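User: I would like to learn how to read sheets, helix packing and cavities in a model. Please take me through one.

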Amino acid sequence: MSRLTLVIVAALRWSVPDGANAQIEAPSADRALARDILRELVEINTTDSLGNTPRAARAMARRLVAAGFPAADVRVLIGPDARHGNLVARYRGTTGGRPIIGFAHLDVVPARRADWSVDPFALLEKDGYFYGRGTTDDKVGDAILVADFIRLKRAGFKPRRDLILMLTGDEETAGSCIAWLVTKHRDLIDAEFALNTDAGGGVLRDGRRVMFVVQASEKVYATYVLEATDKGGHSSLPRPADNPVYRLAPVLQRLAQYQFPVKLNEVSRAFFERSAALETGALAEDMRGVLKDPPDSAAVAHLSAVPFYNSKLRTTCVATLMQAGHAENALPQSAQVTVNCRILPGEPAAEVAATLERLAGDDRIALRTVYTPIPSPPSPLTPAIMGPIERLVAEQFPNVPIVPVMEAGATDGLFLRNAGIPTYGVSAVFEEQNDVRAHGRDERLRVQSFYEALEFWYRMMQAFASAR
């Protein structure tokens with residue numbers, strides 16, 4: 001997952017005292033259940049190389065069935081291969097309206113015990129935090145969804161339409177599980193829209209709430225390789241004009257200096273509009289400047305210098321890997337550079353590839369696609385979606401502004417959007433903007449944030465599932 005939305009909103013100065021909320025919280029028994037589920041999940045090592053996501057999916061399925069969900073409505077789906085497990089559970093509604101999905105992922109990135117000060121695969125509560133791999137990415141989401149499904153069931157909640165719980169098995173690697181579910185089991189996950197625990201969320205600065213982020217779009221992931229080749233030969237007889245390394249060198253310089261055009265969509269425009277209202281001084285003026293038609297060039301230059309804001313303005317492509325030669329005493333027979341692109345939703349991938357070919361400027365340099373881009377159109381910010389979220393945020397976190405965002409990274413949501421299911425990242429987990437530890441050492445989750453998000457999702461699922 002990507003939590004880049006939480007890293008650089010540091011520039012925003014408007015905030016709300018941490019204690020300034022309506023003290024809405026889940027009952028202690030429900031908090032205890034959620035904590036126990038989180039512990040069980042963290043202590044199942046679901047690093048992709050171990051193939052343990054089927055075990056985690058079965059563990060969550062057992063909890064749902066024990067809570068009274070019919071076994072036929074709790075499906076552990078092994079696929080697209082035997083090493084990956086997914087869970088799809090259905091909370092039946094009363095009127096047959098189109099369902100709503102709530103989803104998270106079971107897998108985590110690797111964590112070495114030698115790198116951590118605590119055991120990464122044992123949940124530890126210390127100093128107001130839960131420590132463990134996946135506590136923020138994204139076993140927090142798994143635990144919240146399973147615990148709230150059980151809580152809703154015990155409370156006798158009768159939704160008007162079905163709620164679907166979906167936990168996937170390889171979001172951190174290939175994303176093949178969600179692609180497989182969309183392709184092979186669309187009937188089980190077809191929905192009007194989806195709510196993602198793995199994006200969006202709350203931003204804290206020094207313990208004070210800055211904003212509540214709703215992710216409504218994400219950039220399209222694509223990877224290309226530029227490769228130059230030659231017959232090679234003995235290094236004592238150099239031919240500079242034919243050397244693949246030398247041919248690629250000026251291409252790298254052109255790529256480093258190139259910026260794609262500024263293009264705002266509904267979500268990124270809303271992000272800058274709302275952020276400008278919260279900011280002051282030069283940054284606020286620059287945010288308003290990029291909203292002009294045409295955008296103010298000075299404002300674009302200022303924001304482009306900040307990677308976080310630059311990622312919201314345009315498609316980006318960056319060299320990430322290089323490989324060349326085969327021996328120190330031989331002329332290289334090939335040189336290649338891997339270029340990773342994050343393409344704006346709606347921008348044709350063919351145009352991005354054509355730009356890279358133009359920057360190569362050499363018909364002896366070949367471009368090939370390594371990861372084919374999967375289109376992911378922005379999800380519309382309709383009153384039917386934003387209305388309930390705004391109301392619930394106002395009730396639980398008074399005066400905290402809501403800011404829509406386009407994620408620079410990628411989540412399983414891109415596959416749902418590509419399949420025609422609008423998707424919104426609403427993790428509701430407040431994290432400290434300068435202490436985001438997802439994928440890093442000593443990953444941790446603020447205990448208070450966990451229980452706040454637990455309650456928010458409980459109320460949010462009720463609100464959306466009760467709407468006509």
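User: Which residue in β14 stands opposite Tyr221?

Analyst: Tyr221 stands opposite Arg342 in β14. A caution on the source: this is a predicted model, where local features need pLDDT of at least 70, side-chain atom pairs count only at pLDDT 80 or more, and totals for chains, interfaces and linings use all residues. Residues are numbered from 1 along each chain as its sequence is written, and side-chain values use heavy atoms, leaving out hydrogens and water.

User: How many bridges link β10 and β14, and in which sense do they pair?

Analyst: Strands of a sheet pair through backbone hydrogen bonds, either parallel or antiparallel. Two strands pair if DSSP finds at least two bridges between them. Strands (E, at least two residues) and helices (H or I, at least four) are DSSP runs, numbered from the N terminus. Here β10 (residues 220-229) and β14 (residues 334-343) pair in the antiparallel sense over ten bridges.

User: What is the strand order of the sheet with four strands?

Analyst: The order is β12-β14-β10-β15, an open sheet with antiparallel pairing. β12 (316-324) and β15 (365-371) each have a single partner strand, so one side of each lacks a neighbour in the sheet. Neighbouring strands are turned by 25° against each other on average, direction ignored. Axes are lines fitted to C-alpha atoms, for helices over the stretch in contact, and angles run from 0 to 180 degrees between N-to-C directions.

User: Which strands does helix α6 touch?

Analyst: Contact means heavy atoms within 4.5 Å. Helix α6 (residues 244-257) touches β10, β12, β14 and β15, and its direction makes about 20° with that of β14. Helix α11 (residues 349-360) also lies across β10, β12, β14 and β15, at about 30° to β10.

User: What is the order in the sheet of three strands?

Analyst: That open sheet runs β4-β5-β19, with antiparallel pairing. β4 (124-126) and β19 (444-446) are its edges, each with a single partner strand. Three bridges join β4 to β5 (residues 129-131). Leu124 stands opposite Tyr131 in β5. In the loop between β4 and β5 lies Asp127, whose phi is near 55°, a positive value in a residue other than glycine. Helix α14 (residues 447-466) lies across β4, β5 and β19, at about 65° to β19.

User: Why are α2 and α3 called roughly parallel?

Analyst: Angles under 35 degrees count as roughly parallel, over 145 as roughly antiparallel, 65 to 115 as roughly perpendicular and the rest as oblique. α2 (residues 53-66) and α3 (residues 139-154) pack at about 10°, with axes 10 Å apart. They are therefore roughly parallel. Met60, Arg63 and Leu64 in α2 meet Val146, Phe149 and Ile150 in α3.

User: Where does the lining of the largest cavity come from?

Analyst: Rolling a probe the size of a water molecule over the atoms shows where empty space is left. On a 1 Å grid over the protein atoms alone, a cavity is a set of points where a 1.4 Å probe fits but cannot get out; lining residues have an atom within 4 Å of a point. Grid points are joined across faces, edges and corners, and a volume is the space filled by probe spheres set on the points. The largest cavity holds about 40 Å³. β3 (97-105), β6 (161-168) and α14 each supply at least two lining residues. β3 gives the most, with three. Phe149 is also among the lining residues, as are Trp457 and Met461.

How values were computed: On a 1 Å grid over the protein atoms alone, a cavity is a set of points where a 1.4 Å probe fits but cannot get out, and a pocket is an open set with protein on both sides within 12 Å along at least five of seven lines; lining residues have an atom within 4 Å of a point.
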